Amino acid sequence: MGYSLDFGWLAGAVGAIARGAATTILLIAVTTLAGTFLSILGAAGKRNGPKPLRLAIAAYVEVMRNTPFLVQLFFIFFGLPSLGIRLDPILAAMLAMMLNMAAYTIEIVGAGLDAVPRGQTEAALALGLRPRLVFVKIVLPQALKVIYPALTSQIVIMMLESAVVSQIAVRELTYEADMLQARTFRAFETYFVVTLVYLGLSMGLRRLLVGGGRRVLGAGVS
Amino acid sequence: MIEFTFWDILRNLLLAARWTVLLSLAAFVGGALVGLAVLFLRIAKTKWTRRIASGYIALFQGTPLLMQLFLMFFGLPMLGLRIEPWTAAALGLTFFASAYLAEIWRSGVDALPRGQWDAGASLGLHYLQELRLIILPQAFSITRAPTVGFLVQLIKSTALTSIIGFEELVRTSNAINNATFEPFTVYGLVALIFFVMCFPLTQYARALEQRAAAH
């Protein structure tokens, strides 16, 4: 038991931790927007698309949900260049996160679309709205309201999962932690502090999403 | 340089996959045992134990697994234990799993009607007997689908232990990739092996869910 904790390095590390946290926030912001958009397209395609498209989306969802995110990331970052697609680490990370999240949220959005009564669509069509407008203006907002809590959880899970992208040298929070502990030799203390930062980020993100959701989607969003 | 044929790559990956399976099983069994203890605290009648258990669960669900593994890896030596990737990986995943399993089973306990407890009490059962004979069997039975679903998540999570140096499927694949420079094949095969392990379980969880919905 000759070990004593030392947090003296922390004063000089605040900048690096803040920079890392900012990158993590950027990653999750882009992923949330792009992933949600992609999953709306995917869910709509899975419901109304031609059969080959429906099968392709279903296969995509199964493949992504049954393989680890880390392997998907390595496949995109190390594997795609052999097909001539070379991506920046941060772009590869965003792409991997977006594709991974979409696989989960396609199911969630699909469940939300199923929850909107058929009569809503019929009523809107009877009023003479074009099918696309019916989807965007009538069905989708109601579906989003139903699935908002599940979507929120998925976004928080994705934020936590993003720690892994440090492995392809994206300079986010975990990467900065790795660098710090290599410099200070205070591995436990460094990861302890960064874990607390992640805890704060996940609680803050959840609060932000719930509050923002109430404002945009109206009351009744938990 | 050693030449690797496709079959060499596949053979080495499959050998490494044994460790992924073993780690998943160890973490699931360990997680179930610790998770049961957390569940007892979480549904206990005293307020402070419930609060401790909720805090424990929130802590593990609110931080990245990678950080939990790092803390385990660098924290255990401070308690005088030797650093070994296997210990850190197994313990880290055990605690991670315990938090999720406790929460899943807690939802099962909560879903049972109040009358189940009352019926147990009126039969003269004391608290532990009520739990063992009436509450837990039903709670486990209605949460079977999410439990299997979590097992899939746990198997996928073992990939992260490669980062703290545990020699499982992904770590082996990194080594093979460095030797062969065929990332497309290597990581493709790794994904395929994980898929073969997880997909049947996913389908099983889905079947359980549908069966539960039909009742």
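Let me start with a definition: two residues are in contact if their C-beta atoms, placed from the backbone, lie within 7 Å. With that in hand, on to the interface: the contact takes 29 residues from chain B and 30 residues from chain A.

Before I go on, some housekeeping. This is a predicted model, where local features need pLDDT of at least 70 and side-chain atom pairs count only at pLDDT 80 or more, while totals for chains, interfaces and linings use all residues. Residues are numbered from 1 along each chain as its sequence is written, and chains are lettered from A and ligands numbered from 1 in the order in which they are written.

Okay, back to that interface, where chain B puts 29 residues into the contact with chain A. On the chain B side, α3 (65–75), α7 (144–157), α8 (169–180) and α9 (183–214) each supply at least two residues. Helices here are DSSP runs of H or I, at least four residues, strands are runs of E, at least two, and both are numbered from the N terminus. Which helix gives the most to that side? That's α9(B), with 11 residues. By residue type, the chain B side divides into 21 nonpolar, seven polar and one charged. For those classes, Ala, Val, Leu, Ile, Met, Phe, Trp, Tyr, Cys and Pro count as nonpolar, Asp, Glu, Lys and Arg as charged, and the others, Gly among them, as polar.

Now the chains one by one. Chain A has eight helices and zero strands, and its C-alpha trace spans about 75 × 45 × 30 Å along its principal axes. Of its 222 residues, 42% count as buried; buried means 20 or more other C-beta atoms within 10 Å of a residue's own, exposed means 12 or fewer, and partly exposed is in between, with C-beta atoms placed from the backbone. Among contacts in chain A with a separation of 6 or more, 76% come from residues 24 or more positions apart.

Chain B comes to nine helices and zero strands, spanning about 75 × 50 × 25 Å along the principal axes of its C-alpha trace. Here 39% of the 215 residues count as buried, and the share of contacts from residues 24 or more positions apart, taken over separations of 6 or more, is 74%.

What about the core? A nonpolar core is a set of buried Ala, Val, Leu, Ile, Met, Phe, Trp, Tyr and Cys residues joined through C-beta atoms within 7 Å. The largest one has 115 residues, and those with the most contacts inside it are A:V71, A:L73, A:A93 and B:V190. Helix α4 (residues 89–115) of chain A gives the most to this core, with 15 residues. Take A:V71: leaving aside neighbours within four places in sequence, A:V71 is in contact with B:A159, B:V170, B:Y187, B:V190, B:A191 and B:F194.

One helix pair in chain B, then. α2 (residues 47–61) and α4 (residues 85–111) of chain B pack at about 120 degrees, with their axes 9 Å apart. That makes α2(B) oblique to α4(B). From α2(B), B:A53, B:Y56, B:I57, B:F60 and B:Q61 meet B:F95, B:F96, B:A99, B:A102 and B:E103 in α4(B). Those residues divide into eight nonpolar, one polar and one charged.On the cut-offs, axes are lines fitted to C-alpha atoms, for helices over the stretch in contact, and angles run from 0 to 180 degrees between N-to-C directions. Under 35 is roughly parallel, over 145 roughly antiparallel, 65 to 115 roughly perpendicular, the rest oblique.
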